[in-house]
Structures are given as structure tokens and as C-alpha cells.
Amino acid sequence: MTTPPPALLIAGHGTRDEAGAEVFRDLLRELGRRHPGLPVGGGFVEPYRPPLGEAVTALVEHGARRFVVVPLVRESAGRAEADARAALGRLRERHPEVSYGHACPPGPHPVLLDLLERRVEEALGSPAPRTPGDRADVTVLLVGYGSTDPEANAEVHRAARLLWEGRGYAGVETAFVSMAAPDVPSGLERCARLGARRIVVLPYFPLDGGPADRVRQQTEGWAAARPEIGVRSADVIGPEPELLDLIVERYREALEGDPYMNRDSHDSPAPGGTPPGDSPPGGGNSPGLPRQPYVRPDRDGHHGHEHHDWGHTHSHAH
């Protein structure tokens, strides 16, 4: 009997908006459709619903005993770990064999940066192809969720720098919806003080929902008071195939890098800690764990693409 792969558990940022929750459920359904042999579930970090713990319980009831938690955004990573640990702790009395590992969030990855660039171009509404010279008067305001975790906020700044490099924008500034400065109106003011005459407000969000709606509302309010400056709102990244592939790539990275997935989670060391005598990450010696190759970018930045049936993997590079 073939041992099923560890379940893919998606931790969403959370929204009170039902339409945003439905977009998240659509993402889970599409991941399940694209990878029918892979158990997929997901939820939001507390206090949003559906909570991550319910997804853990449902997967365990369907036979899952090992999990890889993939946060959609870094702001959710710490709380997702706590929620998953608490849910598994409640289940361990009945299912002592459950264990889990953690993956990195998707961004800022070259795939996500390309999707962000696409959203900017769509907001500008200019015919393709565009050249860097066409963007010389365009300033992008990249908006993150905002967090009390400085590392999460720093990721937004890093993504902004990477988005600016080589794309010809006049500049890429940053702002946050909440819990960090500057907010969206202040970020727009900064762009104006720097001389911007065309601004694209770009949410650094994987999915639509309440936070994206707040960004649009704040952008429209500021733009109405400054009609001399052209301001456009870009869409969120959205559940594009590239994002779905990147989520599964992060899942595979976690499997390759964590030799402890076969143990109880409370026995697992912190990421990167391998006690003497243990097998190196990715050694393929854990019983029942399918080894899913991770396709790394080559020197020119191109990526290979893989098609999975979770029994066979076929790779080809472009």
C-alpha cells in the first residue's frame, strides 16, 4: 500500500469578507484539482474563519497524519505555526503519530515579481509590449498588509526594491494597510513629494478581500483630492497558475529540507538544526515520503516546470 504524501495545509492571512473567503476556498479547490493525489486543506489564522485548526481536524479525519504548512504571506507565518501546533496538540491524544513541518511563504520570488509587474501594466492600460523607457514617469506604491513583526514589513521593502530593479519605473515606494507606517495616503503623499505624476497603487496581496478593498478606498479618496496626479489601482496577484505552482514548490522545498517530518512535531528542532548522526535534508530516507524534485532557477533566471501525478514527476526547462 502506497503511503500518501504529507498534506498541504495553506494558511491564509484572514478576512472577515465572505467574498474574500470564497476566493481562498477557490484557491484550495484549484490546488486539489491540479494535484488530485495530494491532500489539500487550508484556513485562516485566528480569529478569522474558517480557522486553520478546523482544516487540520478535517484532514486528520480523512487520514492525513503529516502536514506541511505553507503561509500565503509572511505576516501569517508565526500565527499559522501557533495555530497548527495548537490544533495538532488537541488531536495528538487520539492520533499520536501526527507531525508537521513548515514551508516559506511564496514571496518575494521572481514568479511573484513578474505577476506584480503584470498587474502594473494592466492598471496602466497601455498596449503591450512596453519597454522600460515607457515607464520612466510611473511610480509604484507597493502596499503590504502591515505587521508588528519587522521581518514581515522588511519583506515588503525587499519586494519593492526587487520590483524596481531593471524595470524602468521612476521609483517603487512602500506603504501598509495597518499596524505599520506609512499608511496608503501617507505613501501617496511621499510619492507626490518625490515628483510623481503617475502612480500605480499595487497591493502586495496574494488574494482579494477586505484589506484590498481598503487600499482601493483609501487610494480613491486621496486621488479625488489630488486630481492633478494620475493615480490608478492595480489588482491583487490573484490565484494565478504561477502562484499555485509556487505554493507547491514551497511545499516540496519543505519536504526536501526537513528530515524530521516522520517524527512528532515536538521532537523536531528549529529549522536548520540537524543533530549529529541524522541524515542530511533531502536524503530521501524517511519512510513513505515521496521525493518531489525542486526545480531551481538556472543562471539566466529561467525556471523549469513540472507536471505531477504524485507518483511520477516530469521536468522540462525553458
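## Around T174

Leaving aside its neighbours within four places in sequence, T174 is in contact (heavy atoms within 4.5 Å) with L141, L142, V156, H157, A160 and P182. With H157 there is also a polar contact, side chain to side chain, at 3.2 Å. That term covers a pair of N or O atoms within 3.5 Å; within protein, one must be able to donate a hydrogen and the other to accept it, and residues adjacent in sequence count only if both atoms are side-chain atoms.

T174 sits in strand β6, residues 171–176. Strands here are DSSP runs of E with at least two residues, helices are runs of H or I with at least four, and both are numbered from the N terminus. Is T174 buried or exposed? Its relative accessible area is 11%, so it is buried; buried means under 20%, exposed over 50%, and partly exposed in between, using a 1.4 Å probe and protein chains only.

## A word on the model

This is a predicted model, where local features need pLDDT of at least 70 and side-chain atom pairs count only at pLDDT 80 or more, while totals for chains, interfaces and linings use all residues. Residues are numbered from 1 along each chain as its sequence is written, and side-chain values use heavy atoms, with hydrogens and water left out.

Now for β1, residues 7–12: six of its six residues are buried, so the strand is largely enclosed by the rest of the structure. A7, L9 and A11 are buried on one side, and L8, I10 and G12 are buried on the other.

β1 pairs in the parallel sense with β3 (residues 66–71) over five bridges; pairing takes at least two DSSP bridges between two strands. L8 has V68 as its bridge partner in β3. Five bridges also join β1 to β2 (residues 40–44), again running parallel, and here L9 is partnered by G41. On the way from β1 to β2 the chain passes through helix α1 (residues 18–34), in a right-handed β-α-β crossover. Right-handed means that, with the strands pointing away from the viewer, the path from the first strand over the helix to the second runs clockwise.

## Two aromatic pairs

How many aromatic pairs does the structure hold? There are two. Rings of Phe, Tyr and Trp (its six-membered ring) pair if their centres lie within 6.5 Å; planes under 30 degrees apart count as stacked, over 60 as edge-to-face and the rest as tilted. F24 and F44 have ring centres 4.7 Å apart and planes at 40°, so this pair is tilted. It links helix α1 with strand β2, 20 residues apart.
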